[in-house]
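Colleague: I would like to learn how to read helix packing and chain contacts. Can we take it step by step?

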Amino acid sequence: MTRFLLRRILFGVLVLWLVATTVFLLFFAGPADSVARRLAGPRAPIEVINQIKDTLGLNRPLWEQYVSFLGNLLHGDLGISFISQTPVTTLIVQSLPGTLWLVAGSAVLWMTAGITGGVISATRPRGLRDRVTTVLVLAGISVPTFILGMLMIYLALSVFPWFGLGPGPYISPLVDFRGFLQVMIMPWVCLAVVQAAVYVRLTRGSMLDTLGEDYIRTARAKGAPEHRIIYRHGLRAALTPVITQFGVDIGTLLGGVVVTESVFGLQGLGQLMIRSVRDGDLPVIIGAAILAAAFIVIANILVDVAYSFLDPRVRLA
Amino acid sequence: MTVLEVRDLAVRFGETQAVQGVGFEVARGEVLGIVGESGSGKSVSVLAVLGLLPPRAVVSGSVRLHGRELLGAQEKELTALRGKSMAMVFQDPLAGLTPVHRVGDQVAEAVRVHQRVSSKAARLRAVELLDLVGIPDPARRARAFPHEFSGGMRQRVMIAMAIANDPDVLICDEPTTALDVTVQAQILDVLRTARRETGAAVVLVTHDIGVVAGIADRVLVMRSGQVVETATVDDLFYRPRSPFTRTLLDAVPRIHDHPARSGYSGRPVLPPQPAPAHPGDARSTPPVPAHSGEARSAPPVQVGWGAVRRGGRAVLEVEGLVKRYGRGGWVVDRVSFDVRAGETLGLVGESGCGKTTLLMEILALGAPQGGRVVVFGRDTAGLSGRERLGLRRDLQVVFQDPMASLDPRMTVHDIVAEPLRAHGLPIDRVGGLLRLVGLEAEHAARYPQDFSGGQRQRIAIARALALEPRLLVLDEPVSALDVSIRAEVVELLLELKARLGLSYLFVAHDLAVVRRIADRVAVMYSGRIVEIGPVEDVFAEPRHPYTRALLAAVPVPDPVRERARSRLLLSGDPPGDHLLRPAGPPSGCRFRTRCPLYPGLPSVLGSRCVSEEPELGAADGAACHHSSGGIG
């Protein structure tokens, strides 16, 4: 187990290094003038270009720039935003809680709804409850997030204004818990609706496979009650593919939930990323990309560890 | 006293009538055998008794347990009975145990579902039960997961689970089919114990009529969903009334008789399949002529032993072949044998003994990790890719499971033509090849799933013969087939060999099949050949204690002899059958941990088994220090 973890972590570091290097080359390879021009924009005056070349040290050889880039990265120094002149780390630390809370809260909702819905569908395939869930799932998958979000905002503001729900920037639960809930509930539900739909289908398929296994028949022959057969013998084994997908999703979403954050005006990582791409704020783009990659790497390691707890046949080595 | 009474049972799946008019009764302590081939409705019948069929099955008739009607009873009522009054042991113990729970917990669950006891008490009871069914060190092993158990051990767990609540009826559905013959003998013994301990009425479903001879009191024979005959075991074997029972008995190979008197005697066997041979075949597929390329092959390397009595050139020589995976133990360890032209070598051994690995090493036609493989006089180690491809024409393979080894998306024509295409040969021979194996040329347009198991194996054989090979390697070619079909395919193989002048390397765990088809037999244990010799000699006078145990473990389809004979039960599992295998084999003789001779040897003699690994001599014989019976 320890050896497995060490190897996976080493591998993860390798992935991150590759991501960092690719991003670096993407932006910095080429003659200094064209790099600076790319950063400054086509209409920037020559003085600005020269200034950029000086501050970023673009006249140095590429490998020297690369070494200092990696060195800074290792010290957690992602540079200073061109636009706001604040350190990128500060910007990220400011935006991270919003995204974290959004994904965490939403994950609880969608996993609960998705797995419950999947189990209900699978126990009586083609029954009434299965068909109802299928319709809901299709609806959830088909509605674009921003439409759903805007519909929710409309309802919250004009039909049920007494709930006090509304879009707005992230508020820390430590500062104002009520305000935190008022801001977060709608994004949670909005993101969870889309995700839950996928998880219902996934759980249903996986459960149907497991419920067809011989050991389910053995459990029946033992005289085990139905709920025990479904949850203890069926669901436990059926969860493996669900967890895999969960890990991938969490990793991707933590890197930035762009649409949901934008619709609800939540100041999260997704928002930060969009803004920096629009403004050509290079240090922030690089920082956000590496962070997103780190989330995916970590989530996948956690999934592999979770396997070994879910299925004793998986031996981590 | 009748415990279970079934009357006029019928099961229908949609339009298909699976079972009709089945009736039987079982008394306390009695064993009823239900025998039939696959698809005869025997499993469906017993599943219907327990109410375990899928909801789309329509069941009618009457099933009474202690006079209480079960058909049409509430699911709740049935759940209360299942596992308590009626318990079941299923065929495949790997798929039958939940992989994510510890075996002890699964047995304890069976206890707790029906008895109001603490989880601690249930666990203790589970350990007791595991002990009863012969799991060594049960307290520790209860904490293991199913995949850490061998097949036999898993089946013991299944039985422990079934007898957890002292059931009145114990239904066993092919409980030994997935197991090796020595393990089968052990499990049948455990079932006897289970019956004694619980006094249950036992219903034993099996396709192997030999199994019922030794354990059943009465036998019910099924065919196409109906009862053909019900009789006491003695009446059934000695005075069968129905012709079907007679043919079924005839099809059972008897390893202890002379082959001429055995079932595989060339007598017509049911059901009438397309005749294996058409007179016209010889024209479309001429017998394989001596290959023109043969001249290029180097003079065959003579392997010293066994050459005395056997003529013919060696088509395959294996010398000191070694194969190991990773840092684990040897899977194949210094194995040597040869196959002569026109000869069949049967390779027998239990699961995990390395027979399939050995085959794959030969078929790889590459450089082995150790030793050498010489095919038609050519050492495979130094072959170029082109030479290897050429050699493959002469060496073809038939795999075990014809259901899985034929691509369901390809027509029979494409399957049989594929090797021809691969070697750039004209594909107009497909029709002839199909007729050669007893199929119609018109079958070529259909897909494998339109054929029965036996017919599919014929297709696989046709595919293997497409390139006119001289040596066929057959990996358990009939073990997935019913007894009567098995006999037909074996006859086909014998006939093809005679007509086309083939040599076979025939791997099987079924000793009776090997006896019928092979000229020589090699017995493998734990990666080594422990005995080799002419089939008649080895079967009549086995010299290695393992060979003796293997032969003794095969159930004899003769109730009186089966009851009378002393059981030489081999303890333990085949060494390759579980993942918990220690890093290497024991010192000295590998078989000594299971050897029935070894414990009885005086320490002077026994020490040799520990210190020195017995080797096969230069001639045929057995790799045992005490092969003459343990005295010297």
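Modeller: Start where two helices touch. In chain A, A:Thr145, A:Leu148, A:Gly149, A:Met152, A:Ile153 and A:Ala156 of H7(A) meet A:Met186, A:Cys190, A:Val193 and A:Val194 of H8(A). Contact means C-beta atoms, placed from the backbone, within 7 Å. Helices are DSSP runs (H or I, at least four residues), and strands are E runs of at least two, numbered from the N terminus. This is a predicted model: local features need pLDDT of at least 70, side-chain atom pairs count only at pLDDT 80 or more, and totals for chains, interfaces and linings use all residues. Residues are numbered from 1 along each chain, with chains lettered from A and ligands numbered from 1 as written.

Colleague: How do I describe the packing?

Modeller: Give the angle between the axes and the distance between them. The axes of H7(A) (residues 145–159) and H8(A) (residues 177–211) come within 10 Å and cross at roughly 145°. Axes are lines fitted to C-alpha atoms over the stretch in contact, with angles from 0 to 180 degrees between N-to-C directions.

Colleague: How many residues does each chain give to the contact between chains A and B?

Modeller: Chain B gives 24 residues and chain A gives 19. On the side of chain B, H3(B) gives the most, with 4 residues. That side has 14 nonpolar, 6 polar and 4 charged residues.

Definitions and conventions:
Nonpolar A, V, L, I, M, F, W, Y, C, P; charged D, E, K, R; others polar.
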